[in-house]
Amino acid sequence: MTVANRAGLHARAALLVANCVRQYQAKVELVMDRQRVDALDMLQVLSLGAARGQSITLEATGVEAEAVLDSLERLFAAGFHEDEAEGEEQ
Amino acid sequence: MQKLQGIAVSPGVAIGEALVVDSEGFRIPRRFVSRDTVEYEVERLNKAMAAAGDEIGRHRDAVSRELGAKYGAIFETHLQILQDSKLHSELEEMIAERHYSPEYAVSRVMRRYAEVFQRVQSRNVADLVDIEKRLLRNLLGRRREGISQLTSPVLVLAHDLTPSEAANLDRRFVRGFVTEVGGLGSHTAIVAGALEIPAVVGTGPFLTDVSGGDLVIIDGDNGLVVLHPDEETIARYRHEVEELRSLAARLETLRDLPAETKDGARIELSGNIEFPHEVDHCVDRGADGIGLYRTEFLYLAADKEPDEEVHLAAYNRVVQSMGKRPVTIRTFDLGADKVPHLPNPEDERNPALGQRSIRLSLRNVDMFKTQLRAILRASALGNVRIMFPLISTILELRQAKMVLADVMEDLDEHGVPYQRNLPVGIMVEVPSVVMMIDHFVDEVDFLSIGTNDLIQYTLAVDRSNKDVVWLYNACDPSVLKLIAMTVEAARRKSVPVNLCGQMSASPTYTMLLLGMGLRQLSVPPSAIPEVKKICRSVTIEQCEKVARHAFTFENARDVKSYLRKELKKHVPELGQ
C-alpha cells in the first residue's frame with residue numbers, strides 16, 4: 001500500500017487503521033523499511049513515521065485476513081478520508 | 001557523547017548530575033529499586049497506567065460531548081498510545097531487569113520515543129510529552145518534587161526558568177544551569193551570574209536526549225554543554241576545573257591590594273549586583289563599592305508591587321554592608337511586559353524600543369516615588385547614589401529629577417532623614433545621550449556607561465536573537481567611538497564616569513578601557529580578581545598605546561584579536 005494523504009500516517013490515520021483492524025478476527029502487521037509492527041500498537045505505528053508516498057506492506061493472519069486487508073486497502077486508497085466531512089469520521 | 005552549542009552567560013566549568021526540569025517543574029531522578037520490591041514497583045506502574053487510562057477516557061468522553069468526536073479523537077489517540085503492548089513490556093522490563101524506578105523508566109522510555117518521533121518528523125511529539133506528564137503525575141502523586149528541595153549537588157537543565165523558579169532554587173546545591181531558550185539578559189543568566197556558577201542558555205531543544213541523573217558537563221566559558229561525555233572529555237574538563245581553581249587561589253592573594261596600575265594610577269573597581277546577598281561577594285573580593293545595584297528582582301520575585309519597606313530592607317542590607325564605600329542604586333529598569341502587577345502594555349510590538357525602564361517609571365509616578373523614597377531613606381545609612389536608566393533625552397532627566405525633588409520635599413515635611421546632596425547620575429546607554437553628552441554633563445553628578453544596551457541600540461541588534469548575535473560586539477569601532485566621546489566630555493567637566501556593562505568584566509577589554517581614560521570600572525563580583533590583576537600588571541602608558549592602536553581598525557574582529565594578543569603579551573596568566 002502507499003500512503004496517499006498529505007499528512008502521512010499520523011495519529012488520526014493510525015487510529016482509523018487500528019479501529020478498522022479491531023472489527024475483524026485477524027492480526028495485522030505493518031512492514032516498512034524492515035521494521036515490523038502490530039497495527040494495534042499505536043506508539044509503534046507512529047514511530048514508523050510513514051510520510052506521504054511511502055509504501056507499506058500489510059500482512060494479515062487469521063480467519064478474516066482477506067476481509068481486513070480489503071477494508072484497509074480502501075482506507076489507504078481513500079487517504080484516510082482526510083478531506084471529508086467531520087460527520088463521517090469515527 | 002553529544003555536544004550542544006549555546007550562548008555562554010556565566011563563566012566556569014561544572015561537571016555533575018543532571019536535574020531535568022520540564023515546563024511543569026518536575027524532576028525525575030535516576031533511582032533504582034531493590035530486587036525484592038520489583039513486584040511492588042511493577043504493580044505501582046500498572047496502577048498508574050490504569051489510572052492515567054481512566055483519566056484520558058473521561059477527558060475523551062467529555063470533550064467528544066462538548067466539542068464533537070473529532071476533538072475527542074485526540075484523547076483516543078493518547079489512550080491507544082498508552083495501551084501499546086510494546087510500551088508496557090518495555091517499561092516492565094526496565095523495572096524488572098534493570099531495577100529502574102517506574103518514574104525513571106517512564107521518563108526514559110517516553111523521551112526515547114519522543115526522539116524517534118522527532119527524527120521521523122512526526123507531529124505527535126507533544127502528545128507523547130502529555131502522556132509522559134500524566135503518567136508521572138499518577139506515579140508521583142503528592143510526592144512530586146519541586147526544584148526548591150534538593151539534597152545533593154546538581155546541574156539544572158530546563159527549557160526555561162521563570163524568575164521566581166530561578167530565584168527560589170536552593171543555592172547550596174545548584175552547580176550550573178542550561179536552558180534551551182534565553183539569551184544574555186535572561187533571568188537564568190542573571191541568577192547564574194549572581195550565584196557565580198557556570199551557565200549556558202539558548203542551546204535549542206535537547207531535553208529529550210537527557211534524563212535526570214545523567215552525567216553532564218557545562219562549559220560556561222565557551223557556551224558548550226556535553227551530554228554523556230566520554231572518559232577523555234571528562235578528564236580534560238576535570239583538569240580545567242583544577243586549573244581554574246588554582247588560578248582563583250592565586251588571584252585571591254590580591255584581595256586586600258588596591259586596583260592600581262604599575263605607574264600608580266588608582267582604578268576604582270566596583271561590583272555589579274542584583275541580589276542583596278551578593279554584596280558579600282563584593283566585600284570578600286575587596287570591591288571599592290557597588291557600581292551598579294540592579295533593583296529588578298524586587299519587582300519580579302513577587303506577584304504584587306514591592307512596598308517601600310521591601311525596597312528599604314534590601315537597600316539597607318547592601319548599604320550597611322558596604323559601610324563608607326559608595327553604592328549606586330539604579331532605579332527600575334524593566335518593560336511592563338515583564339512585571340506581573342503592571343497592566344499589560346497595549347501597543348508593545350517592540351519592547352526594546354517601547355515603554356520600559358525610566359519611561360515606565362515616569363508613567364507610573366507612584367511606583368517610582370515608592371522606590372525613590374526607599375533609596376533616599378537608605379541614603380541616611382551610608383554612601384548612596386541614584387542612577388536613572390535608559391535616559392534618552394535631557395527632558396526625561398529633568399522630569400526624573402523633578403520627581404526626586406518632590407519626594408525629598410515630602411520626606412523633609414515628615415522629618416525623615418536622608419542624604420540631601422546624594423549624587424544623581426544616569427546610565428549612558430542610548431546613542432542619543434552620547435550625541436548630546438555636552439549638555440548632560442552639566443546636569444548630572446556622574447555617568448555610567450551601560451555597554452549592553454549601548455551596543456544593542458548602536459548596532460540595532462538584539463543580543464538574545466541567535467541569528468543576529470554575531471553583530472553584537474563590544475569592540476565594534478562605532479561603540480568604542482561613543483565610549484570615547486562620553487569619557488572625553490566627562491573629563492572636560494570633571495564628571496566621574498564609570499563603565500558597568502558586560503564589557504568591563506572581560507579581561508580582553510581592560511587595557512583598552514584604561515587607555516581610553518576610564519578610571520572606574522564596575523564588574524560582576526566574580527570578575528573583580530581578574531580585572532584587578534590586569535590593572536596591577538600594566539602601566540597607563542601601555543594601555544594608552546593599546547587604545548590608540550585599537551582605534552585604527554575598522555571592524556570588531558580585528559580589534560578583538562589585537563586586544564587578545566596584547567593581553568597575552570602583558571598578562572600571560574590571563575590571556576589564554
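B:Met322 touches B:Val279, B:Gly289, B:Ile290, B:Val327 and B:Gly382, leaving out residues up to four places away in sequence. Here two residues are in contact if their C-beta atoms, placed from the backbone, lie within 7 Å. This is a predicted model: local features need pLDDT of at least 70, side-chain atom pairs count only at pLDDT 80 or more, and totals for chains, interfaces and linings use all residues. Residues are numbered from 1 along each chain as its sequence is written, while chains are lettered from A and ligands numbered from 1 in the order in which they are written.

**B:Met322**

- B:Met322 is found in helix H11 (residues 308–322) of chain B. Helices (H or I, at least four residues) and strands (E, at least two) are DSSP runs, numbered from the N terminus.
- B:Met322 counts as buried because it has 24 C-beta neighbours inside 10 Å. The cut-offs: buried means 20 or more other C-beta atoms within 10 Å of the residue's own, exposed means 12 or fewer, and partly exposed lies in between, with C-beta atoms placed from the backbone.
- One of its contacts, B:Gly382, is 60 residues away in sequence. The C-alpha to C-alpha distance of that pair is 7.9 Å.

**The two chains**

- Chain A has three helices and three strands. Their order from the N terminus is α-β-β-α-β-α.
- Chain A holds 90 residues, of which 37% count as buried.
- Chain B has 22 helices and 16 strands. Of its 576 residues, 45% count as buried.
- In chain A, 68% of the contacts between residues at least 6 apart in sequence join residues at least 24 apart. For chain B, the figure for such contacts is 68%.

**Contact between the chains**

- Chain B gives 21 residues to the contact and chain A gives 14 residues.
- On the side of chain B that touches chain A, helix H2 (69–82), helix H3 (85–96) and helix H4 (102–119) of chain B each supply at least two residues.
- H2(B) gives the largest share of that side, seven residues.
- By class, the side of chain B that touches chain A has eight nonpolar, seven polar and six charged residues. Ala, Val, Leu, Ile, Met, Phe, Trp, Tyr, Cys and Pro count as nonpolar, Asp, Glu, Lys and Arg as charged, and the others, Gly among them, as polar.

**Nonpolar cores**

- The largest nonpolar core has 132 residues. A nonpolar core is a set of buried Ala, Val, Leu, Ile, Met, Phe, Trp, Tyr and Cys residues joined through C-beta atoms within 7 Å.
- B:Val156, B:Leu157 and B:Ile426 have the most contacts inside this core.
- The core lies between domain 1 (2–27 + 147–246) and domain 3 (253–570) of chain B, because both give residues to it. Domain bounds come from an automatic or database domain assignment.
- Neighbours within four places in sequence aside, B:Ile426 is in contact with B:Met387, B:Phe388, B:Ile391, B:Leu397, B:Phe440, B:Val444 and B:Leu447.
- Another core, of 53 residues, lies apart from the largest one. Its members include A:Ala11, A:Leu46, A:Leu48 and B:Tyr113.

**Helix H19 of chain B**

- H19(B) (residues 507–515) packs against H22(B) (residues 556–570) at an angle of about 90°, with the axes 8 Å apart. Axes are lines fitted to C-alpha atoms, for helices over the stretch in contact, and angles run from 0 to 180 degrees between N-to-C directions.
- That makes H19(B) roughly perpendicular to H22(B). The class covers 65 to 115 degrees; under 35 is roughly parallel, over 145 roughly antiparallel, and the rest oblique.
- B:Pro507, B:Thr508, B:Tyr509, B:Met511 and B:Leu512 in H19(B) meet B:Lys560, B:Leu563, B:Arg564, B:Glu566, B:Leu567 and B:His570 in H22(B).
- H19(B) is largely enclosed by the rest of the structure, because eight of its nine residues are buried.
- These buried residues pack against strand S15 (497–499), strand S16 (520–523), helix H20 (528–535), helix H21 (540–550) and H22 of chain B.
- B:Gly517 follows H19(B) and has a positive phi, near 105°.

- Most residues other than glycine have a negative phi.
- A:Phe80 has a positive phi of about 55° although it is not a glycine. A:Phe80 lies in the segment after helix H3 (65–77) of chain A. With 23 C-beta neighbours inside 10 Å, A:Phe80 counts as buried.
- B:His228, also not a glycine, has a positive phi of about 45°. B:His228 sits in the loop between strand S8 (224–227) and helix H8 (231–252) of chain B. With 13 C-beta neighbours inside 10 Å, B:His228 counts as partly exposed.
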